[in-house]
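Reader: I am new to reading structures, and I would like to learn how to go through one feature at a time. Could you show me the structure and take me through it?

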Amino acid sequence: MRISDNWKLRDFKVGEAKDLEVASPEYIDYFWMTTKVPGDVHSTLMEHGVIDNPFFGHNDQKCRWVEEKVWWYRTVFTHDEGVDPEAGERMELIFDGLDTFATVYLNGVELGSTDNMFIEHAFDVTRELKKGKNTLAVKFDPVHLYAESKKQYYWSGFSKKRIWTRKAQSHYGWDWGPRLVCAGIWKDVHLVKRTKAAIQDVFARTTMVDEEKAAIDVTLNIQAYDRKADYSAQVTLKNQEGQVVSEALLQVNQNEGVHTDGAIIAQGLSGEATLHVHDPILWWTHDLGEPYLYQLEVKLFTGDQAIDHFVQSFGIRTLELMLHDEEGEHAFTFKLNGIKLFAKGANWIPIDSFIASVPDERYTHLLTMSRDANMNMLRVWGGGIYERDIFYEECDRLGMLVWQDFMFACALYPDYNRNFMDNVRREVEQVVKRLRSCTCLALWCGNNENDWLYEALHASGEIAHPFYGEKIYHELMPVLMEELDPTRLFWPSSPYGGNDHNSREVGDTHNWQVWHGNIEPRVFGEPQLQDYSVEGLSFTNFKKDYTKFASEFGMHASSNRYTLARNIPAQAFYWGSEEMMYRNKDMHHKKGILLMEGYTGAPSDIEEYMNFSMLTQAEGLKYGIEHYRRNKPSTSGALFWQLNDCWPGTSWSVIDYYGLPKAAYHYSRKFFAPVLYTIDYDADQELLIWALNDRREVLQDEVTLMVWGLDGDLLCQRDYSIEVCGNDKRLLDVIPEQDLLKGMDPAKVVMVLRSKHGAAEDQFVYLRSHKEMEFQPTRVQVAVDEQEGLVRLKADGVARMVKLELDEAWLSLSDNFFDLLPGEEKVVRITHSAGKMIPWHTLSVSALNAKAEEIPTS
């Protein structure tokens, strides 16, 4: 039974009310606010108009009082079954997620308190339930009551209180989002009948696979309330047509000791079975094959009575992380089903500041966008949450791998405190058991940047304390992971490895030379220095980076006009306004200006800021990622920072808060494509033309290199007939710049690599930075077919960064922010993710060298 109806909410001052009075069934809550569960306090207050939208202007400052209050949830639900349970039956009240310091009451009886947002909390309520109406109340204490008496003198980015609270660390604010410290019942609430025993978790993993057969080991753990009964389970694997391909009967009789969780006391029992599958269909990332999923079913029996049931999708695959290559050299390469994988993707932050209020459809949409941008891996960053089930289910379905951080980020954590460590242990155990059967899960990582930043800041003299938290990632987690999930590599931190945890020679790295200006390489004991200059921050520094795996790097770009205009007061919608600056939560705002100054020139108005920041981000990521990809197999991954936003701000994201892609998103579809034609060049140097093939199949194609004058004339053309083996690369040509240009000014030409057979999208390459280019004014002709949802565009000259804008959120455009060659037609399809009507009357089309035009509606 899901308890999701009739919830009410009210705030109290600390100490204002007596807990047992408010929890009592007799307490009068007629005039409380209605609220949603799952949900959160802030979303409820917004819905009822108590607070203004915290994302608009400076409104987040106006609702800081919310985190200072005590919040109570109450509901009344009906339980129709008899008061006295049958023999071997009991009732459990389960909260999938409580944020964070909560106390739960049923019919006035205090069931217990919680202190961890990330895990499930269960209570035995067999005797406390009544037939008929039952009153459930949950009190949330403000986090400062718990944290204010704790030591807070040691290093923690953005907030010192957060280190004591096992909740989303980014709730306290980050360099891409506001401080909005949420509270509430953020996941589902269930009342569940247990009959003699219940399935605790199922761990399924592929242990052997070849073309003819596969073996899947399945471990079942149960909680047995009736210790005298005998238990067995039927394990079944079905294909997508619903046919049984393998099944096994297992005895659940291995004694795992007594399981205790508050008043829940049971015998822990386990059993194992192996499923043998003939002619298995493997699960692949979508770029390498089909992400085929079987369905795993487990039925638990005592005698002939079925007492519990478990269902989960399951992909047959092998996955390993190579830390050394065949020659014994350092590597960081994922191998999927024996094939070396170049990991292409982004870092994923919480989907919203108010996570609980996000519908599943938004997850599906953003993850589908990731797949459509040719990403094959997402990193769940360690300052947010262990994501909702829908995230992992969709990654399984879409063929996306997941790098999973544990939720520790940019801080020292009190690993000397027994209570804190016990809390962390419960968290790790529960999270790993919940996620370890997910096909998409590729890696467990202990934290985000704690090892690297501690060593660097300690060497710089900014941290004088011991490495608090070290016991979590280097003692507790390794022991637990060896027991709970030996099928995956545990990586202590990101970045990690080498003589500097951000070493390019070992492990994974975060490249914050670009944007933050970090001076690298450095070694242990040296201070971490920054160079805040055009040259120090420039994205051309990516070319110096020969990392094994780049798991973080990126640069800011503006949100889209619609997103900014919707959240900035109209009178402040101009470049340089305080409201515009407030959209940027990074400390040193000049970094973005310096980065643009080096490529586009500094912006002079809001239009140039939106265009220049987007173009710089897009071209910068393209420059770095194509370099990393050309360096395969030595470099084996590029996960940029970041995919998404939690609010409508200026950040490193490539998709803004309203699901509208920035220029870099559309670029990513091209620079992450399995087949990539790319040019390695620097001004006045040779041009190296490469073909990269990440597919398993041999690539055969004909490629044309065209050199166009910006005035619209085709200057020269070269043709290549190519063949590239699967998962390989090939240097096609080396051309001195002067030989290709034949005296033409490099600031007046554009090069285009084109696949004759459509193996890759057109690759546009400019030989000088944007501010040096001498673009000619052009005109973009536009024709709209509203019924078909198509926009046809044609330019009379080279058009740079053609941009389509409409006043609507969650629009999907087949392409945007693209370049046009003279006379060639481009067709863009526009749809809405929720099927809403397209506001065609708001369509505007522009380019950097063409003025915006409003398109008349038909």
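Reader: In which sense do strand β16 and strand β20 pair, and over how many bridges?

Author: Please keep in mind that this is a predicted model. Strands count as paired if at least two bridges are found between them. Here β16, residues 232–238, and β20, residues 294–302, pair in the antiparallel sense, and seven bridges join them.

Reader: Which residue in the turn between β20 and β21 has a positive phi?

Author: That residue is Gly303, with a phi of about 65 degrees, and the hairpin formed by β20 and β21 has two residues between its strands. The strands β20 and β21, the latter covering residues 305–314, run antiparallel and are joined by nine bridges, and within this pairing Lys299 stands opposite His309 in β21.

Reader: How should I read a helix, and which residues of α13 are buried?

Author: Buried means under 20% relative accessible area. In α13, residues 590–599, the buried residues are Lys591, Gly592, Leu594, Leu595, Met596 and Tyr599, and these pack against α10, α14 and β42. After α13 comes Gly601, which has a positive phi near 90 degrees.

Reader: Which residues does the annotation "domain: Mannosidase Ig/CBM-like" cover?

Author: According to the unreviewed UniProt entry, that annotation covers residues 686–771.

Terms used. Residues are numbered from 1 along each chain as its sequence is written. This is a predicted model: local features need pLDDT of at least 70, side-chain atom pairs count only at pLDDT 80 or more; totals for chains, interfaces and linings use all residues. Side-chain values use heavy atoms; hydrogens and water are left out. UniProt positions are given in the numbering used here, feature names are shortened, and annotations may be inferred rather than shown by experiment. Helices (H or I, at least four residues) and strands (E, at least two) are DSSP runs, numbered from the N terminus. Buried means under 20% relative accessible area, exposed over 50%, partly exposed in between (1.4 Å probe, protein chains only). Contact means heavy atoms within 4.5 Å.
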